[in-house]
Amino acid sequence: MSDDLAARLREQGLRLTPQRELILRAVEELRHATPDEVLAHVRGQASSVNASTVYRTLEVLEELGLVRHTHLSDRAPTYHSTREHEHVHVVCRGCHSVRSHDPELVRSLVAALGEDGFSVDVGHLAIFGTCADCSAAAGSPEPT
């Protein structure tokens, strides 16, 4: 990780700092995390890191193509590593669980939009609904 990060930072005239390395590692370990969650994770190792450092670093890491963000709630964006395979996020409004699915799940939607000249950013896609567990708890029939 740090070799790739260091090379990409050097290409942009930036240097690899311990904070940048910690923040990227936190995103990779947490898998889907808001900046506040990244900050809490990083502070477990370096208490001097502040929120503005996390936000700035996440922006830099996204510009370098090392992380991506999506909106999994009405709160702050959620970041994940680009080292993971591209995936669609499925979010339960009841329990707030996030599941990752292969882009094949939305292949027909992507194809239909492509015929209209629209290119879909699948990794940014989040589909909201209710998971089977929350539907069962509410007494609702599971969708077919």
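A disulfide is taken here as a pair of cysteine sulfur atoms within 2.5 Å, and by that criterion the structure holds zero disulfides. The model is a predicted one, in which local features need pLDDT of at least 70 and side-chain atom pairs count only at pLDDT 80 or more, whereas totals for chains, interfaces and linings use all residues. Residues are numbered from 1 along each chain as its sequence is written, and side-chain values use heavy atoms, with hydrogens and water left out.

The cysteines illustrate the disulfide criterion. The sulfur of C92 lies 3.6 Å from the closest cysteine sulfur, that of C134, which is too far for a bond. C131 is likewise in no disulfide, its nearest cysteine sulfur being that of C92, at 3.6 Å. With buried defined as under 20% relative accessible area, exposed as over 50% and partly exposed as in between (1.4 Å probe, protein chains only), C92 counts as buried because its relative accessibility is 4%, and C131 counts as buried because its value is 13%.

At the level of the whole chain, helices (H or I, at least four residues) and strands (E, at least two) are DSSP runs numbered from the N terminus, and the protein chain has six helices and five strands. Read along the sequence, these elements follow the pattern α-α-α-α-β-β-β-β-α-β-α. The C-alpha atoms fill a box of roughly 50 × 40 × 20 Å, taken along the principal axes. Buried residues make up 35% of the 144 residues in the protein chain. With a contact meaning heavy atoms within 4.5 Å, 49% of the contacts between residues at least 6 apart in sequence join residues at least 24 apart. The protein chain exposes about 8,700 Å², of which carbon and sulfur atoms supply 49%, the accessible areas coming from the Shrake-Rupley method with a 1.4 Å probe.

Two strands are regarded as paired if DSSP finds at least two bridges between them, and on this basis an open sheet of three strands is found with the order 4-3-5 and mixed pairing. Its edge strands are strand 4 (98-101) and strand 5 (126-129), each of which pairs on one side only. The twist averages 25° from one strand to the next, where axes are lines fitted to C-alpha atoms (for helices over the stretch in contact) and angles run from 0 to 180 degrees between N-to-C directions.

Side chains of opposite charge can pair when their charged atoms come close. With a salt bridge defined as a side-chain nitrogen of Lys or Arg within 4 Å of a carboxyl oxygen of Asp or Glu, the count comes to five salt bridges. In one of these, R83 is paired with E28, the closest N and O atoms being 3.5 Å apart. Because R83 lies in the loop between strand 2 (78-81) and strand 3 while E28 lies in helix 2 (residues 18-30), the pair ties together parts that are 55 residues apart in sequence. R83 counts as exposed, at 59% relative accessibility, whereas E28 is partly exposed, with a relative accessible area of 23%.

A further salt bridge joins R68 to D121, with the closest N and O atoms 2.2 Å apart. This pair also links distant parts of the chain, R68 being in strand 1 (residues 67-70) and D121 in the loop between helix 5 (107-115) and strand 5, 53 residues apart. Both partners are partly exposed, R68 at 22% relative accessibility and D121 with a relative accessible area of 41%. R68, E86 and D121 are linked in a network of salt bridges. R107 forms a salt bridge with E104, the closest N and O atoms being 2.6 Å apart; here R107 counts as exposed at 52% relative accessibility, while E104 is partly exposed, with a relative accessible area of 47%.
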